Structures are given as structure tokens and as C-alpha cells.
Amino acid sequence: MNRLPNRIRVNGIEYKVKVVKRLEDNDNSLWGISLYKKNTIKIRKGLTNQKQQQTLMHELTHVMFHEMGLDEQADDEKLVNQLGNAFYQLLADNPNLIKMGGINESND
């Protein structure tokens, strides 16, 4: 089973990633949540590995928008869900993207 990273840097800011047993907000059960002031992303335990990864990408999309100063977009669940799913699928379908060392190196 692939484990989620413990820490991720977004726009130079380090966020902790925690997998927690229960995750609720206003009595609603959640799969994930981003706590900007605490630089923390929480993902619910018990989800499949794929759902945990997909949820992490969703939460990272919230965080990316927030750290870019785009809080209106960070609060747009439809946009975040679509973009987060697209990021997840892009990385899942192209694992070599993760392994790229020098992005600016030419393969000519």
C-alpha cells in the first residue's frame, strides 16, 4: 500500500499531512480538510489508497489556490474537485512525471 507523504511543500510553505481516524466539520463527515493557519492537511483513515491519494490531491488544490492568494478559487468546491481529480489522474497515468529530475533539461 502506498503511503501518503508526511510533509508537502506548496509555494515554499511546508504542510503536514496527517491521516486521522475521524474527520468532521459541522457534523458532516469529511474525506479531507485543509487547515491553512496550521499548515496541515488531514485525510480520513479507512479510505482506499486510491481515494486517500485522490483526496490529498483535492486538498492540495485548495492549498495551492490559497497560497497563491486566490481564496475565492480555493473556496470553489466544484473547481477544486475538477482540478484535483485532473491532477490525480495526470500523475496516476504518468508516473514518470514524479521521477523527472531536471525539468528544464533537454532530451534533444
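Visitor: With which residue does Glu14 form a salt bridge?

Guide: A salt bridge means a side-chain nitrogen of Lys or Arg within 4 Å of a carboxyl oxygen of Asp or Glu. Here Glu14 pairs with Arg7, and their closest N and O atoms are 3.1 Å apart. Keep in mind that this is a predicted model, where local features need pLDDT of at least 70, side-chain atom pairs count only at pLDDT 80 or more, and totals for chains, interfaces and linings use all residues. Residues are numbered from 1 along each chain as its sequence is written, and side-chain values use heavy atoms, leaving out hydrogens and water.

Visitor: How many salt bridges does a search of the whole structure find?

Guide: The search finds two. In the other one, Arg9 joins Glu14, with the closest N and O atoms 4.0 Å apart. Through shared partners, Arg7, Arg9 and Glu14 form one network.

Visitor: Is Arg9 buried or exposed?

Guide: Buried means under 20% relative accessible area, exposed over 50%, and partly exposed in between (1.4 Å probe, protein chains only). Arg9 is exposed, at 56% relative accessibility, while Glu14 is partly exposed at 35%. Of the 108 residues of the protein, 29% count as buried.

Visitor: Which helices and strands make up the secondary structure of the protein?

Guide: Both kinds are DSSP runs, numbered from the N terminus: helices (H or I) need at least four residues and strands (E) at least two. This protein has four helices and six strands.
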